[in-house]
Amino acid sequence: MKEFTPLPDKPAPNDVVGIIPWLKDNLFPTPLNSLVTLAIIAFFVTVIPPLFDWLFFSANWSGTTQAACTNKDGACWVFVIAWSKQFFYGSYPVEELWRINTCLLALVAIIVASFKLHKDLRNKIAIPLFLLLPFLSIILLDGSLIGLEYVATDYWGGFTLNVMLAAASIIVAFPLSFLWALGRRSDMPFIRSVSVILIEFFRGVPVLALFFMGSVMLPLFFPEGTNVDKLLRVWIVLTLFMSGYMAEVFRGGFQAVPNGQYEAADSLGLGFWQKTLLIILPQVIKISMPNILATFVMLFKNTTFLLIIGIFEMLSTTQTALTNSNWLGGHSTEGYLFVAVVFWICCFSMSMISSSIERKLDTSHKN
Amino acid sequence: MSEKPQVKSSPSFFNNPRNRSLIYQFLLLAGLVYFFYGIITNTLANMEARGIKSGYDFLFTTAGFDILMSLIPYDATYSYGRTFIVGLLNTILVSTIGIVLATIVGFLMGVAHFSKNWLIRKLAVAYIETFRNIPLLLQIFFWYFAVLATLPSARQSLSIGEAIFLNVRGLYLPGLIAESGAGFVYTAIGLAFTAIFFLARWARKRQNDTGQQFPVFLTSLGILFGLPLIALLLSGIPFVWDFPALKGFNFRGGITVIPELMALALALTVYTGAFIAEAVRAGVQAVPHGQTEAARSLGLKESRIMKLIIVPQAMRVIVPLLNSEYQSLVKNSTLATAIGYPDLFTVFVGTTLNQTGQAIEIVFMTMAVYFVINMTISFVMNRFNASVELAERN
């Protein structure tokens with residue numbers, strides 16, 4: 001009996017695989033497209049070499065003063081290097097920098113821990129620590145309460161301030177916005193209207209107006225003689241602003257939890273808070289994670305607006321450096337480029353994480 | 001033993017949801033009343049201690065400061081109320097420019113994402129990912145301090161055909177000066193728009209009734225350009241060009257676009273454009289592929305598939321996103337204050353607040369203005385959204 005053997009596979013035709021068909025399909029599909037491709041390539045050929053030359057090959061890398069920037073055809077990275085401590089830490093005393101680093105490390109450690117730890121440990125240790133972290137950090141950075149050298153908030157600054165302010169605001173905004181979102185879904189008419197007004201107010205007003213409100217109106221609200229720290233007022237404003245946006249994110253999350261989950265919790269006899277915290281909240285956070293990250297990126301970028309009310313975050317440190325009398329050589333391009341790259345790396349990686357979570361959660365079979 | 005436990009027919013007072021919700025709401029109300037009472041008494045005490053006046057009388061006193069750019073006649077002798085209007089108009093100007101340009105850039109880049117050309121696709125992605133992830137304020141500074149400040153001085157201006165000049169002091173465009181009889185042309189333009197509106201309505205009705213199509217787009221184009229052109233010729237061209245010319249150290253005549261406005265409009269356009277491009281991309285991707293396949297199997301041309309199948313469905317995703325992008329553009333235009341473009345925020349919350357010290361009234365008025373602008377945008381976009389929404393049968 002003759003056994004059936006299939007013929008060997010034929011190789012794919014030459015005009016669909018390989019580099020030349022790819023080029024034909026993707027770069028030169030039509031005459032017009034070919035022209036555009038050539039124009040773009042020509043543009044890159046003329047722009048890239050001088051740009052790279054300015055950025056790297058002719059750039060000035062070593063030195064400590066402006067005089068070290070001898071090659072005028074290249075970027076003066078000496079400016080960035082000389083000011084890098086200021087860019088990242090502001091005017092915080094050099095020997096006390098370990099405090100800032102400790103706070104940032106703690107933040108990273110807690111975030112990692114809450115993903116890696118066992119559920120019980122996470123709920124009992126990581127989450128309370130996470131919620132307390134802003135306050136612990138303030139105690140450490142300020143120093144006067146625990147016997148360290150006192151560092152006034154006027155000296156806090158730089159990129160680490162952007163990071164810490166954004167993180168501290170979102171951490172406090174988590175419980176607050178959750179309450180607002182619950183309020184907006186509540187059956188009680190008065191609680192619902194108060195929540196709607198709060199949320200829409202903080203979403204509808206420019207964040208700059210809120211900062212001005214924080215700096216010119218908040219002092220009027222406190223009893224006479226109380227002097228509230230500028231950074232604290234900024235933190236309050238950022239937290240409320242963030243809560244407005246996050247409340248809407250959470251509301252979307254609540255709506256995405258299937259009704260059966262609520263009904264199942266009710267039929268088990270769970271009370272309102274048990275139902276909300278044990279059944280609904282974990283699902284809401286999971287569903288809303290990409291949007292929470294996107295909102296955080298927005299908040300993080302918006303911390304640069306603090307320049308306008310005179311907080312020494314990274315961009316305003318750069319502005320100060322650019323107008324410093326020892327560095328009046330027109331280094332604005334280098335300075336802004338550096339700040340842009342730092343922010344870009346942070347925001348881009350966060351949006352990558354956000355979209356990877358989104359892809360993991362997305363189980364629809366599109367296309 | 002057989003005694004049954006007594007079951008209450010109604011829950012205790014505190015376990016009754018109605019009573020509970022009343023108690024909670026009353027507690028919130030009491031808390032809020034206490035909070036606002038505290039704030040108001042503190043504020044009044046503080047204002048008295050610092051000698052701050054209250055009320056809106058300051059709007060009618062002389063402002064006494066100049067404003068860099070104004071769309072209406074203004075000088076230092078006008079009142080604070082006038083500064084409010086000047087700032088408001090400047091805000092509306094930059095927001096309108098930003099919204100129009102960002103929409104154009106955003107749609108171009110969003111569509112470029114689906115180009116057949118690999119390079120164009122990658123350029124669109126690079127544009128979106130670069131400008132979305134850099135803080136807007138930094139982009140404003142970059143355009144203002146690093147790009148526009150390095151332009152040549154007035155004498156070495158870059159120029160196009162001796163009509164448009166670009167230098168470190170701004171962009172100079174030729175302007176049109178209307179002479180008597182211009183009203184005739186304006187009427188013709190208004191008439192053209194009205195005619196197009198009614199033509200489109202008539203054509204849609206005819207198509208619904210009889211199935212016959214009417215070339216609305218070409219006819220509209222003809223009306224839009226034809227009517228004003230006829231009016232222009234009939235009235236003997238009542239406009240003259242006003243070209244900018246170098247007189248002394250600066251240009252005079254024409255329309256001047258100050259560098260602050262240019263930097264702000266550029267940054268807002270590029271930044272918001274990236275978000276709109278992302279919205280357009282999301283909208284087009286949200287249309288299931290089966291729709292395109294079904295359209296192809298019906299034998300529609302690729303261009304008709306785009307116009308009749310993809311775009312109407314993508315718009316349902318795009319329009320709500322556009323709504324929030326436009327609103328955030330208006331809110332972001334307050335960053336004008338960082339480079340000194342005289343928008344509402346710079347003029348009113350900046351200078352006027354500094355001079356009068358009436359923080360509460362001024363911040364309140366400004367917030368109210370942004371609220372109203374955003375409500376207007378939201379209203380218009382929601383009307384637009386209703387027109388593109390899926391018509392569901394209930």
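Two strands are said to pair if DSSP finds at least two bridges between them. Helices (H or I, at least four residues) and strands (E, at least two) are themselves DSSP runs, numbered from the N terminus. With these terms in hand, let us turn to the structure above.

Please note that this is a predicted model, in which local features need pLDDT of at least 70, side-chain atom pairs count only at pLDDT 80 or more, and totals for chains, interfaces and linings use all residues. Residues are numbered from 1 along each chain as its sequence is written, while chains are lettered from A and ligands numbered from 1 in the order in which they are written.

I begin with confidence. The pLDDT is the predictor's confidence in each residue, from 0 to 100. Chain A has a mean pLDDT of 86, with 98% of its residues at 70 or more. Chain B also averages 86, and 96% of its residues score at least 70. For the model, both ipTM and pTM are 0.87.

Let us walk across it. Strand E1 (residues 158-160) of chain B pairs with E2(B) in the antiparallel sense over 3 bridges, and Ser159(B) has Phe165(B) in E2(B) as its bridge partner. The hairpin of E1(B) and E2(B) has 3 residues between the strands, and there Gly161(B) takes a positive phi near 55°. E2(B) and strand E3 (residues 170-173) of chain B also pair in the antiparallel sense, over 3 bridges. Their hairpin has 2 residues between the strands, and Leu166(B) has Leu171(B) in E3(B) as its bridge partner. Finally, E3(B) and E8(B) are joined by 3 bridges, in the antiparallel sense, with Tyr172(B) opposite Thr256(B).

Side chains in a regular strand alternate between the two faces of the sheet. In strand E2 (residues 164-167) of chain B, Phe165(B) and Asn167(B) form the covered face, whereas Ile164(B) and Leu166(B) form the uncovered one.

Now to the helices of chain B. Helix H5 (residues 182-210) of chain B has 29 residues and spans 42 Å from its first C-alpha to its last, close to the expected 42 Å. That expected span is 1.5 Å times one less than the number of residues. After H5(B) comes Gly211(B), with a positive phi near 85°.

I close with the contact between the chains. Two residues are in contact if their C-beta atoms, placed from the backbone, lie within 7 Å. How many residues of chain A are in contact with chain B? There are 44, and they meet 46 residues of chain B. The elements of chain A that give two or more residues to this side are helix H2 (31-57), helix H8 (189-204), helix H9 (207-221) and helix H14 (332-361). H14(A) gives the most, with 10 residues.

Definitions and conventions
A residue is buried if 20 or more other C-beta atoms lie within 10 Å of its own, exposed if 12 or fewer, and partly exposed in between; C-beta atoms are placed from the backbone.
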